[in-house]
Amino acid sequence: MLRISTLASSSKGNTSVISSGKTHLMVDTGISAMRIRKGLEECELSIQQVEGIFYTHEHSDHLCGLGVLAKKNVLNLYCSRYLARDLRAIAPGAKMTYIEPGSMLQVGDINITPIEVSHDAADPMGYLFEHDGCKLGYITDTGRITKSMRNILSGVHALYLESNYDPDMLHNSGRPYDIIERIQGDWGHLSNAQAGEFVTSLAHPELRHIILGHISPECNTPECALASMQRTIQQLGLPTQIHVAPQACRLAWIEV
Ligand SMILES: [Zn+2]
Ligand SMILES: [Zn+2]
């Protein structure tokens with residue numbers, strides 16, 4: 001059994017918890033330490049039980065809770081060698097493990113494969129988590145779908161996937177042109193349609209859950225992202241359940 005719960009998910013903060021029942025991991029610490037502790041309590045876990053925190057990249061909506069969290073706890077952080085320099089400055093007492101795209105590692109009874117993504121950050125990563133034949137993909141903050149994402153995530157049973165923006169809402173958001181270009185560029189974020197294209201390329205009958213995340217509060221709505229993915233799943237004729245990760249509160253455990 002592998003399961004995932006999200007504590008927060010949007011450009012205002014991202015943190016997720018992944019558990020085999022025996023090994024508990026987190027992805028990112030992009031909300032306050034207080035909210036992370038509270039979210040873990042709702043998962044019936046404590047930060048001391050978390051065996052590793054895997055980072056996607058250094059943007060503050062994925063990182064900001066680390067400093068306070070690391071003051072009272074010895075944390076095991078997993079990140080690229082480059083990101084480790086930033087993390088060491090924020091959390092000097094933490095244990096660091098360097099990871100590289102494509103190189104699988106094991107924490108407890110979960111295997112983790114980092115995946116290269118395309119985002120304007122240093123060595124940004126997505127992940128494949130595997131336990132006892134269950135495969136969970138985790139992709140956020142990427143401007144495009146890469147070949148290695150498709151290869152490594154082929155056959156996943158569940159996928160946490162960014163569905164960041166609706167192009168019309170983005171263009172009508174009043175944002176400066178350069179910001180709009182950044183978001184929809186190759187090193188920005190995935191639109192609802194791009195998320196659908198990726199799911200189409202991964203489609204198989206055992207794809208049981210899709211969790212839509214990092215939905216922009218200004219350039220998208222949960223309803224719009226959900227409707228877009230529902231159309232994709234209907235066209236594919238799959239039994240896949242679609243979930244929306246709430247922006248500011250917890251999504252209860254999804255069993256992969
Ligand atoms: Zn982000
Ligand atoms: Zn980012």
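Student: Where do the numbers and letters come from, and what is the model?

Tutor: It is a predicted model, where local features need pLDDT of at least 70, side-chain atom pairs count only at pLDDT 80 or more, and totals for chains, interfaces and linings use all residues. Residues are numbered from 1 along each chain as its sequence is written, while chains are lettered from A and ligands numbered from 1 in the order in which they are written.

Student: What should helix α8 span, and why?

Tutor: At 1.5 Å a residue, the 15 residues of α8 (residues 222-236) should span 21 Å, and the end C-alpha atoms are 21 Å apart, so the two agree. The expected span is 1.5 Å times one less than the number of residues.

Student: Which residues of α8 are buried?

Tutor: A225, M229 and T232. Those three cover an arc of only 50° around the axis, which puts them on the same side of α8. The arc is that of the directions from the helix axis to the C-beta atoms. Buried means 20 or more other C-beta atoms within 10 Å of a residue's own; exposed means 12 or fewer; partly exposed is in between; C-beta atoms are placed from the backbone.

Student: And what is on the face turned away?

Tutor: The exposed residues E223, A227, Q234 and Q235.

Student: What do the buried residues of α8 pack against?

Tutor: α7 (192-202), β12 (209-213) and β13 (241-244). Contact means C-beta atoms, placed from the backbone, within 7 Å.

Student: Strands now. How many residues of β9 are buried?

Tutor: 7 of the 7 in β9 (residues 125-131), so β9 is largely enclosed by the rest of the structure. M125, Y127, F129 and H131 point one way, and G126, L128 and E130 the other.

Student: Which strands pair with it?

Tutor: β8 (residues 110-116) runs antiparallel to β9, joined by 6 bridges. There T113 stands opposite L128. β10 (residues 134-139) pairs with β9 in the antiparallel sense over 5 bridges. Pairing needs at least two DSSP bridges.

Student: What is in the turn between β9 and β10?

Tutor: The hairpin has 2 residues between its strands, and D132 in the turn has a positive phi of about 50°.

Methods: Helix = DSSP H or I, 4+ residues; strand = E, 2+ residues; numbered from the N terminus. Contact = placed C-beta atoms within 7 Å.
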